[in-house]
Amino acid sequence: MTPTDKSENCDPVCGMQVSNTSTHQFVYQQKRFYFCSEKCQNTFSDDPERFLNPNLATPTDDDIKVEYTCPMHPEVLQIGPGICPKCGMALEPLSPQAPGSSDDSELHDMEKRFLAGLALGIPLLLLSMTTDMAPAVIDRLFSLPIAQWIQFALATPVVFWCGQPFLERGYESFKTTHLNMFSLISVGVMAAWLYSVVALLLPGLFPPSMQTPHGLVHVYFEAAGTIVVLILLGQVLELRARSKTNSAIEMLVGMSPDTAIRIDKNGLEQSVPIDDVIVGDILRIRPGTKIPVDGVVTDGHSYVDESMVTGEPTAVAKHNGDPLIGATLNTSGALLMRARKVGSDTLLSKIVTMISEAQRSRAPIQKLADTVSGYFVPAVILIAVVAGAVWSVVGPEPRIAHAVVAAVSVLIIACPCALGLATPISIMVATGKGALHGILIKNAEVIERLENLKILVVDKTGTLTMGSPAVQHIESVGDTPADELLRLTAGLEKASEHPLAQAVVSHAQSLGLSLPDVSEFTSETGRGVTGKVENRTLLIGNLDYLRNQSIDVDTLSEGASPFLNQGSGVIYISDTHNPLGYIVINDPVKTSAATAIEALHQAGVKVVMLTGDNQKTAEFVAKSLDIDEFHAEVLPQDKANLVKGYQDGKHMVAMAGDGINDAPALASADIGIAMGDGTDVAIESASVTLVKGDLDGIVKCMNLGRRTMRNIRENLFFAFIYNAVGITVAAGVFYPLTGWLLSPMIAAAAMSFSSVSVISNALRLKNQSI
């Protein structure tokens, strides 16, 4: 059972060579497999066939299960499509599906019922109108009693088959006490139909004032049938409109390629499903094809179109060592890449997950609609009862008929869904639009906060600047030559994670210098480092760090001053007794920074810069960009306190940063904005991620928030005004003054188009520029 061939000791998950002595082992089908880590072992043990026979692996039931939720009640979750038990709306997939893969059964069913209802409803309406306006014509054709029976025959299948979904949802709403729009529809439709059936079968029960000379009582079969048809039309239009709210994110889902070209250890190429690609695989990317997963270029040169995640139309040059984003398009040259992130770990998957969660989150403004909706349906039922009672007592003859019309109209015209959809539909459209512009929003509350943004706090390095510092000048003030000073400094700095340290190391390596080993390394965050290289103790950091070690820094300070005045950064080097020199490092300001800050000023936003750099460098950058306020030589632990200080002034404060040391401040701010080219820790701590990593993304983000909130208020205003005016007119309040009494059919048409109007208004966000 123990293999002796070295090839059999290849980790089947990551491909690493593993010794027989590895503690991570697993026996499958009487064969022992060895793994480099517990993670690889557990991954293999969960599904061995995935790695042993990738082409034969078939999806399990769990793979094809899709969770559905309600756009108005995100706490409602179930496997597969269905109906929300609270509001009766059709559920939607929790995670956006690829184009063409979503379940449209609800829409197709409604379309089928609508067409059937339309085929029966048109003759029903024409017969009813002719009976009312030209009864003599009907009497000559087949008599008025038969006309009523024909109306009954046409309306009944419309009510009970075409309107079956509404009646079932209405019944469930009363059964569960979650009253909703379908509670009102089912009661209204059944009231009109039952009244008409009683009038048809037992006209003698009604007072003589309600009977015609033929002994008949007016029926409302056409009202019941037409109400159902109009509501079906509204549902069809609403479902079609709702399907467009996720079009942006569905487009992103559909961008990922289905296969990848994998190169095995023998150099052979094989096309494999994208799900079979694992970390460490070498993949070939041909010109004109999409990058399958996130990774890094190992060979070749090309230009890659990353507009689908950054919103930037210009293709980006890619060389050996450059990162690649899955689902972006390789436009020209051929590349080899190593997979670094696959499956749910890719940037595209994280974008989809983040936006899906944001779309289901609740904005604070939604609380108003939720509170009103909680009392809405019971209040409407009460108003309908009161309206019917008043009309039956003091209304004109025939009072009972007028009472039925008023009560049914009130029930039918009321639309709680317009209130419930006003906020979530706008949020869904806005988050999808943001994603197409490289703006990833974690939750709906952030959108509301963006509208009131007053202070933006930005970290300098990587946010205002390119975040790719490079050595500009090396100055030795002692006997040590400049190249030797660089070699020793880089040897010590290679143990540091600071961006300036990495710039020194990269520069030394580019010159082919051999870097010495370091020992006794210590670091004082934000100040400097100390260590021993080639039996020589070096100190590297800012002037205060060297001063605290009793080093005379006057010579260093005087020599570096001109560079500081030009906005460059400087690190100072000494041994335990004497200064050795300094290295000037330049990190260029991003080209978009100046125009973005100007736009923020025009929007009334104050910009504050935080940096660990010295006063002169910070002042130069602040003046060149017209920044309102800056703080220099700020330690990482002080950034969060400064952010909180601005919040104490009762201002809405945003913090933009890209590094690990920015994470506490990002979490403390009202709005944390992470640059997408920053660290994972910063992105996790933030509430907004800008994939492109430019300041103009903040301007777009703020504009998106303001336009979305305006759109939500328009929706809420329309929903409130519609219901207030509609219910008042339907109840007959204006009848004594104007003679207006709303027909139930007109009420049904108005109700059907109210939700569609709210959704259509939200969809306008897709076409608005930010």
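1. A nonpolar core is a set of buried Ala, Val, Leu, Ile, Met, Phe, Trp, Tyr and Cys residues joined through side-chain atoms within 4.5 Å. Buried means under 20% relative accessible area, with a 1.4 Å probe and protein chains only.

2. On provenance: the model is predicted, local features need pLDDT of at least 70, side-chain atom pairs count only at pLDDT 80 or more, and totals for chains, interfaces and linings use all residues. Residues are numbered from 1 along each chain as its sequence is written, and side-chain values use heavy atoms, without hydrogens or water.

3. The largest nonpolar core holds 128 residues. Leu456, Ile673, Leu695 and Ile698 touch the most other members. Helix H27 (residues 696-730) gives this core its largest share, 13 residues. Another core lies apart from it, with 22 residues, including Leu488, Val504, Leu580 and Ile585.

4. Take Leu695. Beyond its neighbours within four places in sequence, Leu695 contacts (heavy atoms within 4.5 Å) Val458, Thr463, Leu464, Ser592, Ala593, Ala596, Ile597 and Met675.

5. Now the whole protein. It has 29 helices and 27 strands; these are DSSP runs, helices being H or I of at least four residues and strands E of at least two, numbered from the N terminus. Of its 770 residues, 50% are buried. Among contacts between residues at least 6 apart in sequence, 64% join residues at least 24 apart.

6. Cysteines. The count of disulfides (cysteine sulfur pairs within 2.5 Å) is zero. Cys162 is buried, at 1% relative accessible area. Cys701 is buried too, at 0%.
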